[in-house]
Amino acid sequence: MEQRSDGIFPRSSPARRRRHGRSRRGPLVPMHLPGFRNRPERFDDAVVASAQRLSERWGTRLESIDFQILPVPETKLLDQAQAAGDRVPLASSRSAGARRPAQVTIYRLPIEQIAESYPELVDIVHQCIVHEVAQLWMISMQEVDPEYFPDDPH
């Protein structure tokens, strides 16, 4: 190994194989399989899919909302929920201000804890987003996404 002029040895590149060929040579899971993406990336995909679904119906009106994903709610929000006797919030929203757009925040870890499968996680994420958008716009959830929340036939 060559030594640089400052006396530090350069690090070997991680792509090199280790002695005797015992290191990983490529990804363990091929890119086309669902296991290739990690949990936060799959959660991001669910949020993006939900927002795209709503944007097909609402177009530019939905573009004025900033979607944000956080691992857990802020301490202040958790304290408010505990004081009210509520469960941990799954999402929150903030109306637009003079210099900021409206914001919908989705909390990843609480949703992942209650979802038993990925399809259920996608449903919960969409329900949370529709609920928060309905609160921002002061309309019913059925109006925001009538295909997902059909009117009760009874």
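**Talking through a predicted model**

Colleague: Where does arginine 108 lie?

Modeller: Arginine 108 is part of helix H4, which covers residues 108-114. Keep in mind that we are looking at a predicted model.

Colleague: Which residues is arginine 108 in contact with, leaving aside neighbours within four places in sequence?

Modeller: There are Arg39, Pro40 and Phe43, and also Ile69, Leu70 and Pro71. Contact here means heavy atoms within 4.5 Å.

Colleague: What makes helix H3 a helix that lies largely in the open?

Modeller: Count its buried residues. H3 runs over residues 75-84, and of these 10 residues one is buried, so the helix lies largely in the open. After H3 comes glycine 85, with a positive phi near 80°.

Colleague: How many residues are in the largest nonpolar core, and which touch the most other members?

Modeller: This core has 24 residues, and those touching the most other members are Ile65, Ile106, Ile111, Val125 and Val133. Two or more residues come from each of helix H1 (39-58), strand E3 (102-107) and helix H5 (118-137). H5 gives the largest share, 10 residues.

Colleague: What does isoleucine 111 touch, not counting residues up to four places away in sequence?

Modeller: Isoleucine 111 touches Phe43, Leu90, Ile106, Leu121, Ile124, Val125 and Cys128. Phe43 is also on the contact list of arginine 108.

Colleague: How do you know that the charged end of arginine 61 sits over the ring of tryptophan 137?

Modeller: There is a distance test and an angle test: CZ of Arg must be within 6 Å of the ring centre and within 35 degrees of the ring normal. For arginine 61 the distance to the centre of the tryptophan 137 ring is 4.1 Å, and the pair is listed as a charge over a ring.

Colleague: And how many aromatic pairs does the count come to?

Modeller: One aromatic pair.

Colleague: Let's step back to the whole chain. What is the order of its elements from the N terminus on?

Modeller: The order is α-α-β-α-β-β-α-α-α, with six helices and three strands.

Colleague: How much of the chain counts as buried?

Modeller: Of its 154 residues, 27% do. The accessible surface of the chain is about 11,400 Å², and carbon and sulfur atoms hold 50% of that. As for contacts between residues at least 6 apart in sequence, 54% join residues at least 24 apart.

Definitions and conventions:
Residues numbered from 1 in each chain as written. Predicted model: local features only at pLDDT ≥ 70, side-chain atom pairs only at ≥ 80, totals over all residues. Heavy atoms only, no water. Core = buried A, V, L, I, M, F, W, Y, C linked by side-chain atoms within 4.5 Å. Buried < 20%, exposed > 50% of the residue type's maximum accessible area, 1.4 Å probe, protein only. Helix = DSSP H or I, 4+ residues; strand = E, 2+ residues; numbered from the N terminus. Phe/Tyr/Trp six-rings, centres within 6.5 Å; stacked < 30°, edge-to-face > 60°. Areas by Shrake-Rupley, 256 points an atom, 1.4 Å probe, with all protein chains shown as cover.
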